[in-house]
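Here is a short briefing to read alongside the coordinates.

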Amino acid sequence: MQIDLIKQQCEQVVRDFLTQLGAIHVDRLERKWITISMLVIGLFVGIITIDAFFHGVNPPSKVETIDSASLHLNKEFAEDNLGVQVDEKGKIIIRMVAGRYSFFPKHIAVPAETQLTFRWVSMDVLHGVHIPMTNMSTMIVPGYVAEITTTFPKPGDYPVLCNEYCGLGHNHMWSNISVIAKEDWTVPAKLSAKGATNNE
Ligand code: CUA
């Protein structure tokens with residue numbers, strides 16, 4: 001009974017609104033521009049939708065915090081632990097630290113056509129990371145871990161660039177990533193306790 005009444009009232013409100021809308025005089029020129037703006041909005045929404053569903057461009061999936069000031073004391077992001085590692089389940093994890101003005105390690109090698117999990121952290125201010133010709137692009141916010149899982153389809157040498165203004169050296173903040181054919185890539189040797197590194 002009550003629901004029917006609410007439904008009736010809602011229908012009345014919608015009907016009133018439509019009648020009022022129909023009564024408004026919209027100039028032809030104005031109508032043209034309204035249509036153009038709607039089309040532009042539609043175009044942008046379409047591009048975002050295609051990028052998200054077909055190109056896999058998505059924001060990092062979970063919120064994970066970290067103390068940026070003490071990364072060197074943090075076990076996961078201690079210097080010896082950075083770079084490419086393969087866990088017990090065979091999952092490839094790449095840990096990278098961004099700091100004014102570079103990404104550490106300076107160079108890494110990863111296999112093509114393989115799922116890679118990147119974990120990025122900042123040691124100082126806001127940075128961004130962008131690897132051209134791939135879908136890798138994220139902000140690296142101090143205090144948070146940016147985790148991104150991706151696959152690089154084509155072997156080659158790619159630059160790793162900072163795309164958030166972070167200071168006077170921002171333009172020079174970059175490092176390199178070599179994407180190697182899957183069959184030529186070898187699991188990096190286990191790091192020794194002394195901190196020998198497989199990434200120069
Ligand atoms: Cu780091 Cu710009």
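P105 sits in the loop between β3 and β4, and this proline is buried, with a relative accessible area of 13%. Its C-alpha lies 6.1 Å from that of G83, although P105 and G83 are 22 residues apart in sequence. Please keep in mind that this is a predicted model.

**Nonpolar cores**

- The largest nonpolar core has 27 residues, and the members that touch the most other members are I94, F103, V110, F118, W120, F152 and I177.
- Two or more residues of this core come from each of β2 (92–99), β4 (107–111), β5 (115–122), β8 (146–151), β9 (156–161) and β10.
- Strand β2 gives the largest share of this core, with 4 residues.
- Another core, of 7 residues, lies apart from the largest one, and its members include I66, L71, F77 and L82.
- Which residues does F152 touch, leaving aside those up to four places away in sequence? The list is V110, A112, E113, T114, L116, F118, I131, T134, M136, I177 and V179.

**A nonpolar patch on the surface**

- On the surface, L29, W33, I36, V40, L43, F44 and I47 form a nonpolar patch.
- Together these residues have about 680 Å² of accessible area.
- One of them, L43, is found in helix α2, which spans residues 28–54.

**Salt bridges**

- How many salt bridges does the model hold? The count comes to 6.
- E11 and R15 form one of them, with their closest N and O atoms 3.8 Å apart.
- Both residues belong to helix α1 (residues 2–23), and because they are 4 residues apart there, about one helical turn separates them.
- E11 is partly exposed at 42% relative accessible area, and R15 is likewise partly exposed at 46%.
- The side chains of E76 and R119 also meet in a salt bridge, at 2.6 Å from N to O.
- This pair links distant parts of the chain: E76 is in the loop between α2 and β1 (83–86), while R119 is in strand β5, 43 residues away.
- Through shared partners, salt bridges join E64, E76, R95, R119 and E147 into one network.

**Around S178**

- S178 has its place in strand β10, which covers residues 174–180.
- Why does S178 count as buried? Its relative accessibility is 12%, and buried means under 20%.
- The S178 side chain makes a polar contact with the side chain of H107, at 2.7 Å.
- Beyond residues up to four places away in sequence, S178 touches H107, I108, A109, V110, G156 and D157.

**Around H130**

- H130 lies in strand β6 and is partly exposed, with a relative accessible area of 28%.
- Where does the chain come back towards H130? H130 and N163 are 33 residues apart in sequence, yet their C-alpha atoms are 6.4 Å apart in space.
- N163 is also among the residues that H130 touches, together with M136, S137, P159, V160 and L161, when residues up to four places away in sequence are not counted.

Note on methods
Residues numbered from 1 in each chain as written. Predicted model: local features only at pLDDT ≥ 70, side-chain atom pairs only at ≥ 80, totals over all residues. Heavy atoms only, no water. Patch = residues over 30% accessible without salt bridge, like charges linked within 9 Å, V, L, I, M, F, W, Y side chains within 5 Å. Areas by Shrake-Rupley, 256 points an atom, 1.4 Å probe, with all protein chains shown as cover. Salt bridge = Lys/Arg side-chain N within 4 Å of Asp/Glu carboxyl O. Buried < 20%, exposed > 50% of the residue type's maximum accessible area, 1.4 Å probe, protein only. Polar contact = N/O pair within 3.5 Å; in protein donor to acceptor, adjacent residues only side chain to side chain. Contact = heavy atoms within 4.5 Å. Core = buried A, V, L, I, M, F, W, Y, C linked by side-chain atoms within 4.5 Å.
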